[in-house]
Amino acid sequence: MTSRIESLKRMAEARPQDPRARFGLALEYERLGEWTEVVTHLQAYLARTQDQGNAYGRLGHALNLLGRREEAREAYREGIRAAYRHGHPTMAQEFEDVLVEMDD
């Protein structure tokens with residue numbers, strides 16, 4: 001395990017309600033292709049904060065790679081709603097396009 005992951009884990013343990021370490025862990029595990037860990041940490045992140053859409057898209061991607069397609073679709077739908085709420089129509093459109101591709 002990388003020292004960055006260890007450092008982020010310590011931060012998450014020391015400040016469990018601070019979402020930033022969870023998002024950082026998700027990104028590190030994403031880089032390593034450890035999709036179950038990505039899902040775990042993104043879900044923990046989203047339980048602690050309002051996201052503008054990015055985390056939902058990453059969560060949808062990870063869930064889809066794990067074969068959890070309906071959960072992935074719901075993550076993308078949540079991402080679309082969040083993106084529109086925060087004024088990110090381009091991101092929302094990207095997620096809408098992913099949903100269409102998933103249905104093909």
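Is R77 buried, partly exposed or exposed? R77 counts as partly exposed, at 28% relative accessibility. The model is predicted. Its structure holds twelve salt bridges. The briefing covers the core, the charge pairs and a surface patch.

**Nonpolar core**
- The largest nonpolar core has 28 residues.
- L25, L42, L46, A55, L59 and L63 have the most contacts inside this core.
- Two or more core residues come from each of α1 (3-14), α2 (19-32), α3 (35-48), α4 (54-65), α5 (69-85) and α6.
- Helix α5 gives the largest share, six residues.

- E70 and R77 meet through their side chains in a salt bridge, 2.8 Å from N to O.
- E70 is partly exposed, at 48% relative accessibility.
- E78 pairs with R81 in another salt bridge, with the closest N and O atoms 2.5 Å apart.
- Shared partners link the salt bridges of E70, R73, E74, R77, E78, R81 and D103 into one network.

- R31 and E28 form a salt bridge at 3.1 Å, N to O.
- The two residues are about one helical turn apart, because three positions separate R31 and E28 in helix α2.
- R31 is exposed at 56% relative accessibility, whereas E28 is buried at 13%.

**Negative surface patch**
- E94, D97, E101 and D104 gather in a surface patch of negative charge.
- E101 sits in helix α6 (residues 89-103).
- E101 is exposed, with a relative accessible area of 59%.

Technical notes. Residues are numbered from 1 along each chain as its sequence is written. This is a predicted model: local features need pLDDT of at least 70, side-chain atom pairs count only at pLDDT 80 or more; totals for chains, interfaces and linings use all residues. Side-chain values use heavy atoms; hydrogens and water are left out. Patches are made of residues with over 30% relative accessible area and no salt bridge: like charges are joined within 9 Å, nonpolar side chains (Val, Leu, Ile, Met, Phe, Trp, Tyr) within 5 Å. Accessible areas come from the Shrake-Rupley method with a 1.4 Å probe; for residues, only the protein chains shown count as cover. A salt bridge is a side-chain nitrogen of Lys or Arg within 4 Å of a carboxyl oxygen of Asp or Glu. Lys and Arg count as positive and Asp and Glu as negative; His and the chain ends are not counted. The place of a charge is taken as NZ of Lys, CZ of Arg, CG of Asp or CD of Glu. Helices (H or I, at least four residues) and strands (E, at least two) are DSSP runs, numbered from the N terminus. Buried means under 20% relative accessible area, exposed over 50%, partly exposed in between (1.4 Å probe, protein chains only). A nonpolar core is a set of buried Ala, Val, Leu, Ile, Met, Phe, Trp, Tyr and Cys residues joined through side-chain atoms within 4.5 Å.
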